[in-house]
Amino acid sequence: MNIIEIAKITGVSKSTVSRYLNNGYVGEDARNRIKKVIEETGFIPQRHAISMRTKKTNLIGVILPKISTETAPRVVEGITEVMSMHGYDVLIANTNLLIEKEIEYLKLFKKNQVDGIIFMATKVTDNHIKFMNDVDVPIVVVSQSISGFPCVYHDDYNASKEIVEYLISKNHKNIGFIGVYEEDKSVGVERKRGYIDKLKEHNIDIIKENIKIGDFSEKSGYDLTKELLKNKNIPTAIFAVTDNLAFGVIECLKDNMYSIPNDIAVVGIGDSRLSKVITPKLTTMHYSYKTSGKEAAKIILNLLDSDKNDLLNKKKNIKLVSRLVERDSV
């Protein structure tokens, strides 16, 4: 089966079939006839042949820090939902939080001529910036705000301030903080800054022993909570900067016979699926990760549209807001 045969069966011209396969305008009747024949015959267009004519591969590369987290699949779901509607396939690169892998995939995607790249970033180094500037296809960054690139990210600073304000409103003044390394600007820096600034606004002393920094793992949440429990004045509430860390906090508190929230309250950020079913259900900030994927895909599509590939789209920044979800852990 080829384009000529499809044209004969459907009674349309070869150029009409070609426009359909390349997502050009085709009338509804002709579109339905072509679609029916393709579905019945299982016809798959030769991507290489199409790309030779259009100078496009209709492939978008997506670089993820860790596919096993809940966040990444939600972002990918948003990306694929939008890109598939416009005839694009998505190539997923899982880096397992290895910087060298991220740069390797940037090179690989450049070599294989994807039409665009969506980069879900954690740490962003000078090497990242160098290679991102060398790639001659549109790049959109998700989860971080990077100067010179279009970005989609959440307002981590104000999300952190809001959930600390909530704890203070519940009469918590001694609030422990479990964060991550500061190479991650959004989670490591902005959420910590929001915690500190909100305490200062209420004239609450910043207690050094209350601030513990580790990685993103549930184990880190568990281990850092053990450290907090050694404090002379044990916190009455613990703010973990991700839900995953908060799950480690809850496990550690249970193992050490603390009642949640009667003895110690716990909050997180992200509103993951597990936060709704863990006991007690976790109070957290809802982040629209799927929406961030959708918005990143829309920016890529605009950048691939020659009429919209302007300076405004190249430096577009979308900051998403979050909302407090009150459950049983406070």
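Contact means heavy atoms within 4.5 Å. Keep that cut-off in mind for the tour.

The model is predicted: local features need pLDDT of at least 70, side-chain atom pairs count only at pLDDT 80 or more, and totals for chains, interfaces and linings use all residues. Residues are numbered from 1 along each chain as its sequence is written, and side-chain values use heavy atoms, leaving out hydrogens and water.

**Stop 1: the whole chain**

Of the 330 residues, 50% are buried. Buried means under 20% relative accessible area, exposed over 50%, and partly exposed in between (1.4 Å probe, protein chains only). Take the contacts between residues at least 6 apart in sequence: 69% of them join residues at least 24 apart.

**Stop 2: helix α2**

Select residues 14–21. Thr16, Val17, Tyr20 and Leu21 are the buried residues here. They cover an arc of only 135 degrees around the axis, so they sit on the same side of α2. The arc is that of the directions from the helix axis to the C-beta atoms.

**Stop 3: helix α6**

Select residues 99–111. At 1.5 Å a residue, the 13 residues of α6 should span 18 Å, and the end C-alpha atoms are 19 Å apart, which agrees. The expected span is 1.5 Å times one less than the number of residues. Glu102, Ile103, Tyr105, Leu106 and Phe109 are buried. Look down the axis: the buried residues fall within an arc of 160 degrees, so they line one face of α6. The face turned away from the buried side carries the exposed residues Glu100 and Lys111. Show the packing partners next: β1 (59–64), β2 (89–94), β3 (116–120), α7 (126–134) and β4 (139–142). Gln113 follows α6 and has a positive phi, near 55 degrees.

**Stop 4: two asparagines**

Select Asn58, in the loop between α4 (47–54) and β1. Its phi is positive, about 55 degrees, although Asn58 is not a glycine. Then go to Asn171, between α8 (156–169) and β6 (175–180). Phi of Asn171 is also positive, near 75 degrees. Buried or exposed? Asn58 counts as buried at 12% relative accessibility, whereas Asn171 counts as exposed at 65%.

**Stop 5: two cis prolines**

Select Ile260 and Pro261. The peptide bond between them is cis, with omega near 10 degrees. Pro261 lies in the loop between α11 and β9. Move on to Thr279 and Pro280, also joined by a cis peptide bond, with omega about -5 degrees. Pro280 is in the loop between β9 and β10.

**Stop 6: Tyr287**

Select Tyr287, in the loop between β10 (283–286) and α12. At 1% relative accessibility, Tyr287 counts as buried. Its C-alpha atom is 6.4 Å from that of Asp271, 16 residues away along the chain.

Note on methods: Helix = DSSP H or I, 4+ residues; strand = E, 2+ residues; numbered from the N terminus.
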